[in-house]
Structure formats: structure tokens, C-alpha cells
Amino acid sequence: MSTSPGSAADSPSPTPILAFFDIDNTLMRGASIFHIGTAAWREGFIRLRDVLGFVWAQARFIAVGENTRHQLSVRERALALVAGRTEGELTRLAVDSYERSIHQRLIPETVALAREHRAKGHEVWLLSATPEAMASVMAQRLGLTGAVGTRIRSRGGVFTGELDGAIMHGARKAEVAEALAAERGARLADCWAYSDSRNDIPLLALVGNRVVVNPDTALSRHARAHAWPVLTAGAASVRAARKRIRREARAVLRSGRRDDRREAQGDPHEDEPGDGRRA
């Protein structure tokens, strides 16, 4: 996990604000597990025919997006990659895959938005079905707060090839996001989420500010039906998203200042329910 400071020019919000980013086809083009697989092949961990399977999965993922079969494939490949390997070996694969290929496939627009959140003093968390070692390397290299990915059980520093808990997918992402927000005292109405996949609708619906990024067909329909903002890889779309981050940050700051004044003055209506702001 890593942290990076917000801009000194930006006042912090009165309560923490968390922004959650999916990785595959949101922060980068394609599936990160493919690049870990090719790094594993270079190290002699897997065979060439296994890499060809990764190539097929990568091409299909880029063409049609994420689905249940893809998620099962990600799980099977992640487990096969690490069984019998050490935690140090997996971290080395993650670093190698990031330096050789993943950093070239980052989507500049969404990376810029993640950094915009950091500049506002927000925490930025990556939530992904990719193995947690890979997600953590990406978070560290991009100066983000941290990452939660699919965890694999280890014994004596060696991976057993069994999942440690559920795959980080679908409703599980929403559960983790809610727990992180509660742990830090953040209001979900002030938090953000970014994803391209219909599988992340529970996460997107959880927060007050959600941005749909290059969505698959089902998420695109859902976004239109619920008037959710949609970000495409283009300068105008990114400028609009960055302005919205700044606008919401100012609104949260103003709200916190009002709450502080009321507390100092002894607000007679402090026990009455508020009109919770949601974007």
C-alpha cells in the first residue's frame, strides 16, 4: 500500500472522501492478468500454450468486455500462476509486468482523474479481481492510497493455489468499499466510484458520485436509465469529469464548514435528519 499527499493549495474536506477505481478497461486497456501471465512465461513458470490462452482471453475481453466466464477464467489463471510460488516471486512478476507493458496501456484520462482526487486530498483505492500483488504495485507506482484485489492463501510464504476469501468481483467490491468508508469515517454520499463493467453496478450504486468509464453494453444501458455520468476517452469528457470532482469537493467543504458552525453555536435542529446530498 502507498500514500501520496494532496496538493497544498487544496483545503482538506471535513471528513475523508474515498474514490474507488476498477483496473481492467477502466484504469488500463485490457486485462492485467494477461500481462502477469506473459511475465510468468518469461520466468518459466508456465508454458507457451498457457500464454496463448491468455492472448485469447485478452482479445475477447477487449472486444466484448467482462462477463461471468471471463471472471472464472481470471480466477483459474490467477490460482494456476501462483500455486507453489512465493510471495516474493509474485511481487516480482507484478513489477515486471507493470514495467514492461502495463504502464504503456494505462488510460491517461482516468489516471489523471485518480491523481485529481489525490490532489484534492481524497483517498484513491483500486478494487480489482486481479491478484492483490498486481493491484498493489499499480497503486504504489501511481501514487494512490492502496489496493484490494483477489487474495490467494499462502502457507509459510508459499501460495497454496486456494483463494483467501471471495474473488474481488461484483457485490464483493461494494462490500469492501463500504467497509473501507466506514473504517475511515467517510460518508458514502461523498465517495466516488469508476468502472467500465456491469458487474460493478453494486459498487457504482453504493456511492454518491459514480462515473461510468467506456462502459460495456449493459452498463451503458443502465447508466442512461439512471442518468449516470459516462466518461469516454476524450479531452472534453475528461475536462467535464475533472470539473465535477472540483465542484463536489467544494460542496463537501462548504457543508463541513456549516456543520462546524452549527456545532459551535449549538444548532437546535442537530437531531433532525438532513437532506443527504447525492450526485
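This is a predicted model: local features need pLDDT of at least 70, side-chain atom pairs count only at pLDDT 80 or more; totals for chains, interfaces and linings use all residues.
Side chains of opposite charge can pair when their charged atoms come close. The protein has 10 salt bridges by the cut-off used here. One of them joins glutamate 183 to arginine 184, with the closest N and O atoms 2.7 Å apart. Glutamate 183 is exposed, because its relative accessible area is 61%. Arginine 184 is partly exposed, at 24%.

Another pair is buried. Lysine 173 and aspartate 200 form a salt bridge at 3.1 Å, N to O, and both residues are buried. Lysine 173 is in helix α7 (residues 171–184). Aspartate 200 is in the loop between β6 and α8 (201–206), 27 residues away. Asp22 joins Lys173 and Asp200 in a network of salt bridges.

What about aspartate 24? Aspartate 24 is buried but has no salt bridge. Lysine 173 is the nearest side chain of opposite charge, and it is 7.8 Å away. Aspartate 24 lies in the loop between β1 (18–21) and α1 (32–42). Its side chain reaches the backbone nitrogen of serine 32 at 3.0 Å.

The largest nonpolar core holds 35 residues, and Phe21, Tyr98, Leu106, Leu126, Met134 and Met138 touch the most other members. Elements that each supply at least two residues include β1, α4 (87–100), β2 (123–131) and β7 (209–213). Helix α6 gives the largest share, 6 residues. Tyrosine 98 touches Met134, Val137, Met138, Arg141 and Leu142, among others beyond four places in sequence. A second, separate core of 22 residues includes Phe20, Ala186, Leu203 and Val212.

Helix α5 passes a simple length check. Its 12 residues should span 16 Å at 1.5 Å a residue, and its end C-alpha atoms are 16 Å apart, so the two values agree. Its buried residues include Glu109, Val111, Leu113, Glu116 and Arg118. Just after α5, glycine 121 takes a positive phi of about 85°.

Finally, the whole chain. The protein has 10 helices and 8 strands. Of its 279 residues, 51% are buried.

Terms used
Residues are numbered from 1 along each chain as its sequence is written. Side-chain values use heavy atoms; hydrogens and water are left out. Helices (H or I, at least four residues) and strands (E, at least two) are DSSP runs, numbered from the N terminus. Buried means under 20% relative accessible area, exposed over 50%, partly exposed in between (1.4 Å probe, protein chains only). Lys and Arg count as positive and Asp and Glu as negative; His and the chain ends are not counted. A salt bridge is a side-chain nitrogen of Lys or Arg within 4 Å of a carboxyl oxygen of Asp or Glu. A polar contact is a pair of N or O atoms within 3.5 Å; within protein, one must be able to donate a hydrogen and the other to accept it, and residues adjacent in sequence count only if both atoms are side-chain atoms. A nonpolar core is a set of buried Ala, Val, Leu, Ile, Met, Phe, Trp, Tyr and Cys residues joined through side-chain atoms within 4.5 Å. Contact means heavy atoms within 4.5 Å. The expected span of a helix is 1.5 Å times one less than its number of residues.
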